[in-house]
Amino acid sequence: QVQLVESGGGLVQAGGSLRLSCAASGRTLSSYAMGWFRQAPGKEREFVAGINWNGGTTYYADSVKGRFTISRDNAKNTVYLQMNSLASEDTAVYYCAAKYGRYSSIVYTRTLEYDYWGQGTQVTVSS
């Protein structure tokens, strides 16, 4: 079992930045591909960014490309999402997720592909 806890959400003005963290316990994160997803009120959960087990491969949704950066520190068992140039449409609950994938370059983009999920952290962008 992998337990994931997100942090770093909050209220920020449009154009501002936030860094989300996802800390894992229970298993070493280095065996897992990781993803960030978000869900706005009344909408389905959507893929934001993903990273493979060693950070060699990353992938972003078109809506965040060039503004968000996913990274990981396996020694700290933590994955990050740096969010810059935030806009009101980025307002959502952000979730991190883990999918076993050691030695794979694959980045997973679908919710059904992930095995473990955190509880989420709220990001609110005021215009």
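Q: Where is Asp90 placed?
A: Asp90 is in the loop between E8 and E9. Strands (E, at least two residues) are DSSP runs, numbered from the N terminus. This is a predicted model, where local features need pLDDT of at least 70, side-chain atom pairs count only at pLDDT 80 or more, and totals for chains, interfaces and linings use all residues. Residues are numbered from 1 along each chain as its sequence is written, and side-chain values use heavy atoms, with hydrogens and water left out.

Q: Why is Asp90 called buried?
A: Its relative accessible area is 0%. Buried means under 20%, exposed over 50%, and partly exposed in between (1.4 Å probe, protein chains only). So Asp90 counts as buried.

Q: Which residues does Asp90 touch, not counting those up to four places away in sequence?
A: Asp90 touches Arg38, Arg67, Phe68, Ser85, Val123 and Val125. Contact means heavy atoms within 4.5 Å.

Q: Is Tyr103 buried or exposed?
A: The relative accessibility of Tyr103 is 61%, so Tyr103 counts as exposed.

Q: What makes Phe37 and Tyr114 an edge-to-face pair?
A: Their centres are 5.3 Å apart, with 80 degrees between the planes. Rings of Phe, Tyr and Trp (its six-membered ring) pair if their centres lie within 6.5 Å; planes under 30 degrees apart count as stacked, over 60 as edge-to-face and the rest as tilted. So the pair is edge-to-face.

Q: What does this pair tie together?
A: Phe37 lies in strand E4 and Tyr114 in the loop between E9 and E10, so the pair ties together parts 77 residues apart in sequence.

Note on methods:
Helices (H or I, at least four residues) and strands (E, at least two) are DSSP runs, numbered from the N terminus.
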